[in-house]
Amino acid sequence: MAATPSAATDPTYCRAHMNYVVRSGIAGATEPVEVTIRDGRRAALPNWQTCGFELMHHAAALDDWRDDAAIERVHYAEMSALARASTGCDYALVSGHIKRDPEQAAKHADLGPIEFVHSDFAASYSDNIVNFYRNATDDAQRALARAGIDAAVVTRARRTLILQFWRNIGPAVMDRPLAFCDARTVAAAELRALPVHNYAGGGGFFETLAIAAPRIPSAHRWYVFPAMQRDEVVAFRTYDSDRVASGEPFWTPHSAFSDPAVAPGHPSRRSIELRATCLFL
């Protein structure tokens with residue numbers, strides 16, 4: 001792993017517990033580990049290409065996030081453009097979004113803030129991407145149409161990268177904000193591929209990456225960006241076929257956590273996340 005010489009002096013935001021999977025034993029069993037979470041706004045962090053995540057300024061055109069049709073009509077194109085500018089890819093496909101708030105959590109538990117240390121996709125995810133667009137659902141067909149391409153372009157891409165975007169659309173202070181772990185501080189040996197079936201009732205199957213509890217909790221470097229504003233977004237990498245091939249970190253562990261300064265639900269987190277499938281031809 002690459003050295004992170006600035007981490008020791010990065011200002012602390014809080015101490016909190018993160019739910020990791022146990023190092024050995026029952027598959028998927030978790031254990032809480034108390035870690036230091038640093039203030040990403042005041043830290044000497046590199047860009048997302050290096051540590052896996054990055055706070056970006058991005059003023060969205062939408063003010064009302066309740067209208068899902070408007071989000072698809074307006075915001076998908078914005079985030080596709082940001083993904084292309086951030087990665088230099090030829091195409092960036094956005095096929096859906098997830099809002100996390102009490103109303104969505106009431107519909108399905110998977111739509112609440114996820115308090116489990118994970119990176120969304122395992123190395124096997126390339127097959128899921130190709131199959132998703134080859135067997136195009138309505139969402140996939142619309143994403144391809146917006147880009148002006150067909151599924152054959154996805155199949156022949158020489159490199160595929162998933163860049164995700166997380167935005168706070170609620171109060172600046174929230175009960176379960178999202179923290180990000182410097183990908184350079186998490187070794188491949190600490191990754192555990194776990195099967196996910198029927199996520200949020202949407203069907204399908206993929207493998208996610210759970211993270212094993214570190215032997216030394218301070219080895220994993222955690223960061224949060226306090227008081228996220230509407231004109232800010234965190235970009236984070238969760239898959240990169242080039243990095244899978246080279247053995248470099250393609251993961252960015254992340255998790256919601258209980259902010260000790262905020263009582264649960266006062267106020268509840270309200271956020272939106274989108275995933276851009278970035279294609280390099």
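Below is a short exchange about a predicted model. Residues are numbered from 1 along each chain as its sequence is written, and side-chain values use heavy atoms, leaving out hydrogens and water. Local features need pLDDT of at least 70 and side-chain atom pairs count only at pLDDT 80 or more, while totals for chains, interfaces and linings use all residues.

Reader: Which residue holds the side chain of opposite charge nearest to Arg-237?

Author: Lys and Arg count as positive, Asp and Glu as negative, and His and the chain ends are not counted. A salt bridge needs a side-chain nitrogen of Lys or Arg within 4 Å of a carboxyl oxygen of Asp or Glu. Arg-237 is buried (under 20% relative accessible area; exposed is over 50%, partly exposed in between, with a 1.4 Å probe and protein chains only). Arg-237 has no salt bridge, and the nearest side chain of opposite charge, 5.5 Å away, is that of Asp-240.

Reader: The backbone oxygen of which residue lies 3.2 Å from a polar atom of the Arg-237 side chain?

Author: Arg-237 lies in strand 11, residues 232–240; strands (E, at least two residues) and helices (H or I, at least four) are DSSP runs numbered from the N terminus. Leaving out residues up to four places away in sequence, Arg-237 touches several residues (heavy atoms within 4.5 Å), including Trp-48, Phe-250 and Trp-251. The backbone oxygen 3.2 Å from a polar atom of its side chain belongs to Pro-249.

Reader: Which backbone oxygen does the side chain of Trp-251 reach?

Author: Trp-251 sits in the loop between helix 7 (241–246) and strand 12 (254–256). Trp-251 is buried, at a relative accessible area of 4%. Among the residues that Trp-251 touches are Ser-119, Leu-209 and Arg-237. At 3.3 Å, its side chain reaches the backbone oxygen of Val-186.

Reader: How many residues of strand 13 are buried?

Author: Strands pair if DSSP finds at least two bridges between them. Strand 13 runs antiparallel to strand 4 (residues 91–100), with eight bridges, and pairs in the antiparallel sense with strand 6 (residues 159–168) over 10 bridges. Strand 13 (residues 271–280) is largely enclosed by the rest of the structure, because its buried residues number nine of the 10.

Terms used
Polar contact = N/O pair within 3.5 Å; in protein donor to acceptor, adjacent residues only side chain to side chain.
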